[in-house]
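Welcome! Have a look at the sequence and the model, and then read on.

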Amino acid sequence: MTTYSQVPPAVAEERVGPDANAKVGGTRRRIARRGGAPLFDSSERTLMSGFERRKRSVRFTLFAINALLLIVLLVAGLGPIIWLAKSAITPTQDTLRTPMEFFPGGTAWDNLWKAWVDVKISTQFLNTIWVAVGSWLVQMLVATTGGFALAILKPAYAKVVNALIIGTLLVPSVVLLVPLYLTILNPPLIGHSLINTFWAVWLPAGASAFNVVLMSRFMGGLPSEIFEAARVDGAGPFRLFWSLALPMSKPILGVVSIFAVLAAWKDYLWPLLVLRDPAIQPLSVRLPTLQQAIELDVYLAALAISTLIPIAIFLIFQRLILRGAGLGGAIKG
Amino acid sequence: MSSTTSRQRVTVVTRLTRWITGGGLSTLTFLLPLLLIFGIFSWWPILRAGVMSFQETNLVTSQWVGFDNFVKVFHDPSFFIAVKNTAYFALLALVFGYPVPLIGAVLISEVRRLKGLYTALAYLPVVVPPVVAVLLWKFFYSGSATGVFNTVLGWVGIGPQPWIQDAHMAMPSLVLAATWGAAGGTVIIYLAALTSVPPELYDAAEVDGAGIWRKLWNVTMPQLRGVLFITLILQIIGTAQVFLEPFLFTGGGPANATLTILLLIYRYAFQNSLGGDYGAATALSLMLAAFLAILSLVYFQATKRWSTS
């Protein structure tokens, strides 16, 4: 806690915004050093004052509410996931007869193996990773180069491009569904259909206005003196991009990256439309079709395996994800 | 006079070289990925949606048909069912889903020990891939006496429910599952907003003798008003486009009880054995987009008047 002597923690953590960039490097390091400390500093003042908290009646009620809240959150938030984990290694008959009991007839660990090898969930698993990695690369390329050009190189037509990008935020994604599908069927410049290729998912993922706005706002907030000094020293735009803008944008790159990967993992309708061949479908598209075809216990094991990576990513990058989620609200607003 | 002569001297070629040496070309190179990707996969499809809604299109030819697609959609008996169901879904999602994250966030922000654990637990359902969540809940909703939810209901003496197999219970069941998957994201937004309420306001209210409830109503809520307005309209826009839950839970059934607008668009375009009716699909999606745009405009006008008064 002592590391926060100057910057109030709430403020420091909020600072994913560009204006704070000069401090961002330091803040990130400090956050990392804090390790297992709670998400928000507990010394900050909220609705209730310390005086009120110390009152006996309040203290008791507050304790009861907190305990109840924890139970509700455990049941609602963790409960279904625990149930899935349990049922993944329970024989079908036990899950059907007594779904709320833990292993009445022993465990069936081989469900996981069957799902992975016999049902070939491994293929879909790798496809999902492939979809996520490719989408991430395209999004990174578009957002970093575009954000850099719009925020730092600032051509005369930057305003027009910016307006066009923000304009797409106002169009609900459903409007794009059919015309984008036809574009993938018959894309310009390429000449042959992209259906059943990963490009059909990768390329449209790059057209994320949210990413570009985040990137260009962040880069626009970087101290311009640094870029001017580098220009005076003879650095060209590529040097500015690679050696200054990119390294200084690490905090926002992290946020954008994690959300890109998680979004690729979540996507359903679009890959369903353009990846018709089961051999290249990601998990989300394949799982609903498995339901009828395989044993219930193996099916639940497949669901559990599909949840593993997103939950692991969340546990590892919890702080970054939760900060980014709050940030998402701010940008949308 | 000198300006005219200089203007004559600046030919296209010299202007181009000047633009290149001035960095114009490298700037454009940096913008190229963005322009290509947005151009092909965002701007062009949006324009094309506008054109296609007035055309009868199959994959080979397209023909101009005026407002026929819109008329056709209006005359489809499924259209009003879908509109009604989508509105019902949005309404239920507001009733169930809107207060829950707010109450959750206010309570979590008062937690002092293990706050990170509370926050993480609230956000955990958001991390579960939506398809997995829906398939899991579909199993929970099993109508048999030994279904997961029916077993739990049995503990408190309630008989087995049909859940998604019943036309009346199907939609609330879908909303419950959707709320489970979405509430955590809103909790995080509110938590961030709660930390930015200036502490001096609470101090000042206490000096005036305000208790916990007074502070909640007179300080916290007014400070959250802006965020609350925005999450409300964002939730309406989101639920108006609900697809995954009705598609995977019920496929629109039973008896079209969960047929939503997006499901209808999907049916028009991709579930027709005779080839997609792309014109009707884009016409319906544009109608939905126009409705949402008008709704947002009216909404922001209305809330602007409220917040200034």
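In which loop of chain B is Leu114(B) found? Leu114(B) sits in the loop between α6 (99–109) and α7 of chain B. Before going further, a word on what you are looking at: this is a predicted model, in which local features need pLDDT of at least 70 and side-chain atom pairs count only at pLDDT 80 or more, while totals for chains, interfaces and linings use all residues. Residues are numbered from 1 along each chain as its sequence is written, and chains are lettered from A and ligands numbered from 1 in the order in which they are written.

**Chain B as a whole**

The secondary structure of chain B comes to 15 helices and 2 strands; helices (H or I, at least four residues) and strands (E, at least two) are DSSP runs, numbered from the N terminus. Its C-alpha atoms fill a box of roughly 95 × 65 × 35 Å along the principal axes. The radius of gyration of chain B is 27 Å, whereas a compact globule of 309 residues would have one near 19 Å. (That radius is taken over C-alpha atoms, and the globule rule is 2.2 Å times the number of residues to the power 0.38.) The domain assignment of chain B, automatic or from a database, gives domain 1 (2–52) and domain 2 (68–308). The centres of these two domains of chain B, taken over C-alpha atoms, are 43 Å apart.

Of the 309 residues of chain B, 40% count as buried. Here a residue is buried if 20 or more other C-beta atoms, placed from the backbone, lie within 10 Å of its own, exposed if 12 or fewer, and partly exposed in between.

**Where the chains meet**

In all, 84 residues of chain B are in contact with 83 residues of chain A, contact being C-beta atoms, placed from the backbone, within 7 Å. Helix α3 (residues 24–52) of chain B gives the most to the side of chain B that touches chain A, with 19 residues. That side divides into 62 nonpolar, 16 polar and 6 charged residues. In this count Ala, Val, Leu, Ile, Met, Phe, Trp, Tyr, Cys and Pro are nonpolar, Asp, Glu, Lys and Arg are charged, and the others, Gly among them, are polar.

The expected span of a helix is 1.5 Å times one less than its number of residues.

| Helix | Residues | End-to-end C-alpha distance | Expected span |
|---|---|---|---|
| α11(A) (209–220) | 12 residues | 16 Å | 16 Å |

Helix α17(A) bends by about 30° at Leu308(A), and a proline, Pro310(A), follows within four residues. (The bend is the angle between axes fitted to the seven residues ending there and the seven starting there.) Among the buried residues of α17(A) are Tyr299(A) and Phe314(A), while those of α11(A) include Asn211(A) and Phe218(A).

**Backbone details**

Leu114(B) has a positive phi of about 60° although it is not a glycine. It counts as partly exposed because it has 14 C-beta neighbours inside 10 Å. In chain A, Asn196(A) has a positive phi near 65° and lies in the loop between α9 (173–185) and α10 (199–205). Finally, a cis peptide bond with omega of about -15° joins Gly253(B) and Pro254(B), and Pro254(B) is found in the loop between α13 (244–250) and α14 (261–270) of chain B.

Key: Two residues are in contact if their C-beta atoms, placed from the backbone, lie within 7 Å.
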